[in-house]
Amino acid sequence: MRPAQDNQGSFLGRISIRRNQFVDVNNEQEQEDLELFQKHIADRFTELLSPPQPPPSDETNTVASVAATEQIMSVTWLRKLMDVFLCCEAEFKAILLMGRDPTQISKPPFDRLVPEMLDRSIKALDICTAVVNGIDSVRHYQRLAEIAVTALEQRPLGDGNVRRAKRALANLVVALSLEDKENVSGGGGGGGGGNKTTERSWSFGLRSGGSSAASKGGATIGQLKSSSWAVGRNWSAAKQIHAMTANLTPPRGNEAAGLPQPMFIMSTVMVFVMWVLTAAVPCQERSGLANHLSVPPKHLNWAQSLIGIHEKIGDEWKKKEKKGSAGLMEEMTRMEKLGHSLMEFADGFHYPAEKDAAESAAAQVAEMAEICRRMEEELVPLQQQIREVFHRIVRSRAEILEVLEQAGKVSAPVV
């Protein structure tokens, strides 16, 4: 997402230069900054709402494959969403803190708005932890799919290969259709490879062993360090999202043209991003998730694309929730459909396989192999980005608290 990062750099430079030149930020300058911030929010989410569409079938498979990887809720798309969040957060923090009198954000209405925002950030840290755990389950699904692919790629394809593939596919299909509570407590289904603990504790520090071990599924809690965070067994992703929306209402009157507006925007973006992540991957207790996100009013220009993404994901979640789903990640959705189809092939298999059935199954196996390849390349980087989001939230929260402490010292009466 280089355009977003380029915009971010020029925006931060503009604020830095301006606020170093002037002791006080005047209203006209601040209004320009707020308008530019809103424009960047709108542009970034518009790009997320309209990813490249798969080309017609007569075009090259390579082009079609690239377009397919960028569909909403694909791993590639989720990684772009993380980039968008980090860019938006950096710009917001510059607006809120850079060159500003610390006492300004300790006065009404900020004495209410800032603590509410900081409370949302704590809840976002919990969600980051739960989502990283969920991605670990997705990697388990990937391994089951890889077992099936390896077995079905054997030539000649015999009864033993098909039986092995059928066992892996059965575990995969069950894991991908489990309800949330079962999924978390079972660690990813009947494959037996998941973590069965009921309380998770993850550390979001830098990896000590590089990405190669992680990409092979060998990363463990022991390979990570610092910033440990735990999610208890009674924790609920849906309730957490609902709690984050408490008191999240658009500013009115004079506040709508001032600093409360970007605070509302950034809080909305944070809640939305966390909601998307919990819908994408296995996450603890998500019952009614689609109903727990209050979207901003449609008349706000910066919110149009965000609302569009919410509607697409929300509709799909309601369909999946009725029958149970591990998550809406595009690769998982395709993997589940292919798993059912290949199970039918395995159920009706007799050596030697019929030509048409064998060719159809081979095409599906090739697609499953491509999905596994994308997961192998993208899931660990996605986990790393979520850790980066975790650390960014922690740092920003600490910086805001430090400014509030400075404001308290400035405003304290001299004895």
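Modeller: pLDDT is the predictor's confidence in each residue, from 0 to 100. This is a predicted model in which local features need pLDDT of at least 70 and side-chain atom pairs count only at pLDDT 80 or more, while totals for chains, interfaces and linings use all residues. Residues are numbered from 1 along each chain as its sequence is written, and side-chain values use heavy atoms, without hydrogens and water.

Colleague: Over which residues does pLDDT stay under 50?

Modeller: Over residues 180-229, for which the model has 115 contacts beyond four places in sequence; contact means heavy atoms within 4.5 Å. The chain averages a pLDDT of 81, and 75% of the residues score at least 70.

Colleague: What makes α9 roughly antiparallel to α10?

Modeller: Helix α9 (residues 237-244) packs on helix α10 (residues 260-280) at about 170°, with the axes 10 Å apart. Angles over 145 degrees count as roughly antiparallel, and those under 35 as roughly parallel, so α9 is roughly antiparallel to α10.

Colleague: How do the residues of that contact divide into nonpolar, polar and charged?

Modeller: Seven are nonpolar, one is polar and none is charged. Ala, Val, Leu, Ile, Met, Phe, Trp, Tyr, Cys and Pro count as nonpolar, Asp, Glu, Lys and Arg as charged, and the others, Gly among them, as polar.

Colleague: Why are α5 and α10 called roughly parallel?

Modeller: Helix α5 (residues 110-152) and α10 pack at about 15°, their axes 10 Å apart; α5 and α10 are therefore roughly parallel to each other. The residues meeting there include Arg 120 in α5 and Met 270 in α10. That contact has 14 nonpolar residues, three polar and one charged.

Key:
Axes fitted to C-alpha atoms, helices over the stretch in contact; angles between N-to-C directions. Helix = DSSP H or I, 4+ residues; strand = E, 2+ residues; numbered from the N terminus. Parallel < 35°, antiparallel > 145°, perpendicular 65-115°, else oblique.
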